[in-house]
Amino acid sequence: MIAVNSLRLRLLVGAAIWIVLALAVAGTLLAALFRGHVERRLEAELATQLEQIAAALERPGAGSLILTHQPSDPRLRKPYSGFYWQVDGAEGPIFRSRSLWDVALRLPTETSPDGKVHRHRITGPEGQQLIALDRTVTLADAPGAYRVVAATDETELTAAAAAFTRTLAISLGVLAVALVAAVAIQVQVGLKPLHRLRAGVAAIREGRIKRLEGSFPTETQPLVEDLNALLQRNEEVVARGRTQAGNLAHGLKTPLSILANEVDRLAADGASQLSAAMRGQIATMRQQIDYHLARTRAAAAFDVPGARVPVAPSVAAIHRTLARLYVDRELQFAIEIPADHVFRGEQQDLEEMLGNLMENACKWARGRIAATSRHDDGLLTITIEDDGPGLAHEQQGHALVPGARFDDNVPGTGLGLAIVRDLATLYNGSIKLGSSTLGGLRAELILPAG
Amino acid sequence: MRILIVEDDPLLSRQLADTLSRAGDAVDCAGDGEEGHFLGDTEPYDAVVLDLGLPRMDGITVLKRWRAAGRTVPVLILTARGSWPEKVQGIDAGADDYLAKPFQTEELLARLRALIRRAHGHATTELACAGVMLDTRSGKVTVHGAPVDLSAHEYRVLRYLMHRKGQVVARTELIEHIYAQDFDRDSNTIEVFVARLRRKLGVNVIKTIRGLGYRLEEPG
């Protein structure tokens, strides 16, 4: 179904109107030309007859007028055949063609007997509409004038013109249909780059590509370039926002470290009550910075379209990092992530989520950690499991709250799982906690697949 | 142990240096990447605390250059940039540990000790030799369970020798690892420290290897 406000419909309707108008005008002109041509041929024939008859008129020795010979055309002998001639004298018709039978042609009164051929339309026998040519003839050796008339039925002319017009109309109609079809094809072909453009933009929105690629027609190329420039700018703005957020964090974290160290010194000097309060506030500030920094980064990242990242290399990078950070623990990692599992989003966000989940597993595991992934229905489920103590069912919901900590002896801010949950939510994903068959916690990260 | 701190914030740098000195380490500080790189490239440190956002040369570049030149010194990255992609980048550049600011001093100390221990192939925080026990975490030394009171320099000498148990340690090597760079070094003081150590420990574990240096070993 074509929408009313569509380029294709506009082009098609516009072209159709022009085609129909042009062909109608052409058809009318052609029909008129044809009729004029046939009429001239007919009149030429009548004129010849007229001249033959005029040449055959004689009045030998001042006697009565005679016709030395009659035109030979057989149509002139057949009654009411539609082809007639007649010679009028002062008292009415003198000679008539046999085809006139018992009827005499009645001509309008001659207004200018000048010997030239005049054209008339008259009614003939049986109501036939006739085209008549007449001429006044004067004979050299006799007084008086005679009118010679040659006439023919107009019906034949009209029928021929009508037949021509009919054929013409059919031909032009077919031509019009063919032209409109050609225009439709042309519009289809012409608008194809627009469809490609639309498909490209849709792909960017769905995160399958980052930029419109390939060459487009010169008319749409500027649009494509502008769009790509816009995407580029968008990415730059996000990158700048990210850098500024990072700078802000950097700017705050070092003074916070110094403050924390001063508080430690204060505690050593015996001001334990004051230092405990300050330590609490510093911890809160640290949490706020970490939590909102991660959120800002993620929120900014989500607006950039076109990001897709394979999961396996990111898991491998986190594994590599954790293996170094937890080298003393001699942890066994079992990682099974198929190479074709792709996350639709930013690599940094994926690594932030994976890093928090896998580090959490490292902190609690006795010795074994497993990472697997599943892909179905456009969703990617990454599962991280460990063989640590796990969480009781009622703790699992609480674990996703920012700042929740279950063992103060294990270092951490208590933000990891909350950050993972927030990031996953931004990507319309989710995180589920449960019990692992390994014995510890099982975290399922559900994300859009690319 | 001799530790290099590369940190552009002078206040934090001084705090770290104070903390580490109190824990019995010789500390050098560098305020920018180039100076840090130069020191790490020329002085034998036992561990480096490296910030990433540094003037003149960023921390990742410093680290990569050390590693490319074959410097295996344990490096702990201490940075405000605590996101996972940044951790991955730091570890991939050759860091041994990564600590995000703001940090707890105890955690930094514990991690540094762990790095040094690991670099010397020890799994626990306690070093032992013929009844002499040295806990690198608490800084306490005991002989057959009885605590021994050591000065900072004596402690440093003993700790270094115990990390290198069974190996010959040259005097110059000892000097390099127990004094900070800008300290007035005198190799004769080493002999004084060793003599005091032998007296305080009461067990003959430090052997003098003539012309080479010292070796810590089980007596007999």
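## Basis of the model

The model is predicted: local features need pLDDT of at least 70, side-chain atom pairs count only at pLDDT 80 or more, and totals for chains, interfaces and linings use all residues. Residues are numbered from 1 along each chain as its sequence is written, while chains are lettered from A and ligands numbered from 1 in the order in which they are written.

## Chain B overall

Chain B has eight helices and 12 strands. These elements are DSSP runs numbered from the N terminus, with helices being H or I of at least four residues and strands being E of at least two. Of its 220 residues, 46% count as buried. A residue is buried if 20 or more other C-beta atoms lie within 10 Å of its own, exposed if 12 or fewer, and partly exposed in between, with C-beta atoms placed from the backbone.

Contacts are also judged from C-beta atoms placed from the backbone: two residues are in contact if these lie within 7 Å. Among contacts in chain B between residues at least 6 apart in sequence, 58% join residues at least 24 apart.

## Helix α5 of chain B

Helix α5(B) covers residues 105-119, and its end C-alpha atoms are 21 Å apart.

In the loop between β5 and α5 of chain B lies B:Pro102, which is joined to B:Lys101 by a cis peptide bond with omega of about -10°. Just after the helix, B:Gly121 takes a positive phi of about 80°.

## Helices α2 and α3 of chain B

Helix α2(B) (residues 33-42) packs against helix α3(B) (residues 59-68) at an angle of about 20°, with their axes 10 Å apart. Axes are lines fitted to C-alpha atoms, for helices over the stretch in contact, and angles run from 0 to 180 degrees between N-to-C directions. The two helices are therefore roughly parallel; angles under 35 degrees count as roughly parallel, over 145 as roughly antiparallel, 65 to 115 as roughly perpendicular and the rest as oblique. The crossing is right-handed, meaning that the near helix is turned clockwise from the far one by less than a right angle, and left-handed is the anticlockwise case.

From α2(B), B:Gly33, B:Gly36, B:His37, B:Gly40 and B:Asp41 meet B:Gly59, B:Thr61, B:Val62, B:Arg65 and B:Trp66 of α3(B). By class, this contact has two nonpolar, six polar and two charged residues. Ala, Val, Leu, Ile, Met, Phe, Trp, Tyr, Cys and Pro count as nonpolar, Asp, Glu, Lys and Arg as charged, and the others, Gly among them, as polar.

## Contact between the chains

In this model, 28 residues of chain A are in contact with 25 residues of chain B. On the chain A side, the elements giving two or more residues are α3 (221-268), α4 (272-302), α5 (311-325) and α6 (347-364). Helix α3(A) gives the most, with 11 residues. By class, this side has 10 nonpolar, nine polar and nine charged residues.

The axes of α6(A) and α4(B) come within 7 Å and cross at roughly 85°, so the two helices are roughly perpendicular. A:Gln347, A:Gln348, A:Glu351, A:Glu352 and A:Gly355 of α6(A) make this contact with B:Trp84, B:Pro85, B:Lys87 and B:Val88 of α4(B). It has three nonpolar, three polar and three charged residues. Helix α4(B) (residues 84-92) also holds B:Gln89, which counts as partly exposed with 18 C-beta neighbours inside 10 Å.

## Positive phi in chain A

A:Asp377 has a positive phi of about 60° although it is not a glycine. It sits in the loop between β11 (368-376) and β12 (379-386) of chain A and is exposed, with 6 other C-beta atoms within 10 Å.

A:Asn428, also not a glycine, has a positive phi of about 60°. Its place is the loop between α8 (416-426) and β13 (430-435) of chain A. A:Asn428 counts as partly exposed, with 13 C-beta neighbours inside 10 Å.

How values were computed: The expected span of a helix is 1.5 Å times one less than its number of residues.
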